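This briefing is meant for someone meeting the structure for the first time. It begins with a term that the later points rely on and then goes through the structure topic by topic.

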Protein chains: 2
Amino acid sequence: MIHRSGCPINLTIEVLGDRWSVIVLRDMMFGNRRTYGELLNLSLERIASNILAARMQHLLAEGLVTSAVDPSHKQRKIYSLTENAIQLVPAIVHLGAWGLQHTPSSPVLSIRARLLADGGPKLWEAFMSELRYLHLGTAQPQVSVLAELETAYRAASEAAISSA
Amino acid sequence: MIHRSGCPINLTIEVLGDRWSVIVLRDMMFGNRRTYGELLNLSLERIASNILAARMQHLLAEGLVTSAVDPSHKQRKIYSLTENAIQLVPAIVHLGAWGLQHTPSSPVLSIRARLLADGGPKLWEAFMSELRYLHLGTAQPQVSVLAELETAYRAASEAAISSA
């Protein structure tokens with residue numbers, strides 16, 4: 001890839017690629033989606049299959065994602081975040097925090113972004129440790145930030161349904 | 001605009017638009033470029049005129065930028081960042097910080113990103129206060145972060161030239 005400039009902001013945007021790549025990283029990070037099928041079928045934004053395939057190739061080529069054969073299902077690939085991708089957590093949390101303040105985001109879909117924004121760097125570090133455990137095989141942290149986010153999201157979803 | 005989902009991360013990415021919009025915001029924030037000519041002619045990434053025109057329209061429509069007639073030159077417009085855009089500073093600084101660690105960024109072009117990343121939230125707040133002064137007409141802060149960044153950038157440029 002020929003870079004348009006050596007500015008670190010420009011280079012980061014080039015590596016991230018288009019919006020769909022960020023959506024895929026978000027779903028792998030916060031939704032723990034690990035297979036093509038999960039990324040495709042559970043996509044909130046209804047990503048098209050050809051776009052998802054192209055974005056996975058981009059993320060693999062840029063070293064943000066790796067793939068391996070699923071030991072329980074040989075035809076299937078499991079995708080993992082790399083350390084480089086995990087280090088994008090603070091930037092992505094900041095994008096979400098801005099969206100909470102300045103866009104008409106859905107209250108239910110905002111729960112996880114709000115918990116992460118409010119938790120600050122200490123919570124992001126704990127979340128990144130958990131991602132390293134899940135994706136890179138490091139030691140399991142004592143607390144699961146993902147489980148806390150999921151519990152809060154489910155509670156908000158149920159509250160929204162029962163008040164509808 | 002029909003949003004693909006109400007997720008705050010997705011909505012932020014939709015508002016930002018493509019990579020060129022982020023480049024324009026970067027140049028307005030860190031390079032203090034305020035006119036179409038400055039954004040076009042000083043563009044490190046050599047943005048094309050039709051792309052710049054389209055991105056300015058996008059940023060105006062999304063409420064990240066406003067435009068006004070330049071009092072000293074009636075044919076010219078001055079662009080200003082809005083409060084919403086200024087609040088993107090921490091997210092953009094995080095993108096730059098990631099680029100410093102994980103991309104082959106140019107040492108000279110990295111100076112400002114490094115100072116901002118190392119300065120932490122206190123420096124970002126001071127920089128945002130300065131942007132509010134420059135773009136929104138609030139009181140002038142006592143310290144100019146922009147001048148500090150510019151001084152460091154020039155010193156690094158000159159050092160690179162004399163060692164070449």
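This is a predicted model: local features need pLDDT of at least 70, side-chain atom pairs count only at pLDDT 80 or more; totals for chains, interfaces and linings use all residues.

Two residues are said to be in contact if their C-beta atoms, placed from the backbone, lie within 7 Å.

**How the two chains are related**

- Chain B is superposed on chain A by a rotation of 180° with 0.0 Å of shift along its axis, and the RMSD of that superposition is 0.0 Å. This is the relation of a two-fold axis.
- The same surface serves both copies, since 100% of the contact residues of chain B recur in chain A.
- Among the residues of chain B, B:A91 is the one that comes closest to the rotation axis, with its C-alpha at 2.8 Å.

**Where the chains touch**

- Across the interface, 38 residues of chain B are in contact with 38 residues of chain A.
- On the side of chain B that touches chain A, the elements that give two or more residues are α1 (8–16), α2, α6 and α7 of chain B, and α6(B) gives the most, with 11 residues.
- Sorted by class, that side of chain B has 18 nonpolar, 15 polar and 5 charged residues.

**The two domains of chain A**

- Chain A is divided into domain 1, covering 1–82, and domain 2, covering 87–164, and the centres of these two domains, taken over C-alpha atoms, are separated by 19 Å.

**Helix α6 of chain B**

- Helix α6 of chain B, residues 89–102, has 14 residues that should span 20 Å at 1.5 Å a residue, and its end C-alpha atoms are 20 Å apart, which agrees.
- A residue counts as buried if 20 or more other C-beta atoms lie within 10 Å of its own; 12 of the 14 residues of α6(B) are buried, so this helix is largely enclosed by the rest of the structure.
- The buried residues of α6(B) include B:A91, B:W98 and B:H102, and what covers the buried residues includes elements of both chains: α1 (8–16), α5 (83–86) and α6 (89–102) of chain A, together with α2 (19–30), α5 (83–86) and α7 (107–136) of chain B.
- B:L100 also has its place in helix α6 of chain B, but with 18 C-beta neighbours inside 10 Å it counts as partly exposed.
- Leaving aside its neighbours within four places in sequence, B:L100 is in contact with A:P8, B:S105, B:S110, B:A113, B:R114 and B:A117; the C-alpha atoms of B:L100 and B:A117, which are 17 residues apart along the chain, are separated by 9.3 Å.

**A bent helix and a helix of the expected length**

- Helix α7 of chain A, residues 107–136, has 30 residues, but its end C-alpha atoms are only 32 Å apart, short of the 44 Å that a straight helix would reach at 1.5 Å a residue.
- α7(A) bends by about 120° at A:G120, and a proline, A:P121, follows within four residues.
- After α7(A) comes A:G137, whose phi is positive, near 75°.
- Helix α4 of chain B, residues 49–61, has 13 residues and reaches 18 Å from its first C-alpha to its last, close to the 18 Å expected at 1.5 Å a residue; just after α4(B), B:G63 takes a positive phi of about 75°.

**Positive phi outside glycine**

- A:R46 is not a glycine, although its phi is positive at about 50°; A:R46 lies in the loop between α3 (36–41) and α4 (49–61) of chain A, and with 9 C-beta neighbours inside 10 Å it counts as exposed.
- B:N32, a residue other than glycine, has a positive phi near 50°; B:N32 lies in the loop between α2 and α3 (36–41) of chain B, and with 15 C-beta neighbours inside 10 Å it counts as partly exposed.

Methods
Residues are numbered from 1 along each chain as its sequence is written. Chains are lettered from A and ligands numbered from 1 in the order in which they are written. Copies are superposed by least squares on the C-alpha atoms of residues with pLDDT of at least 70 in both. Domain bounds come from an automatic or database domain assignment. The expected span of a helix is 1.5 Å times one less than its number of residues. Ala, Val, Leu, Ile, Met, Phe, Trp, Tyr, Cys and Pro count as nonpolar, Asp, Glu, Lys and Arg as charged, and the others, Gly among them, as polar. The bend at a residue is the angle between axes fitted to the seven residues ending there and the seven starting there.
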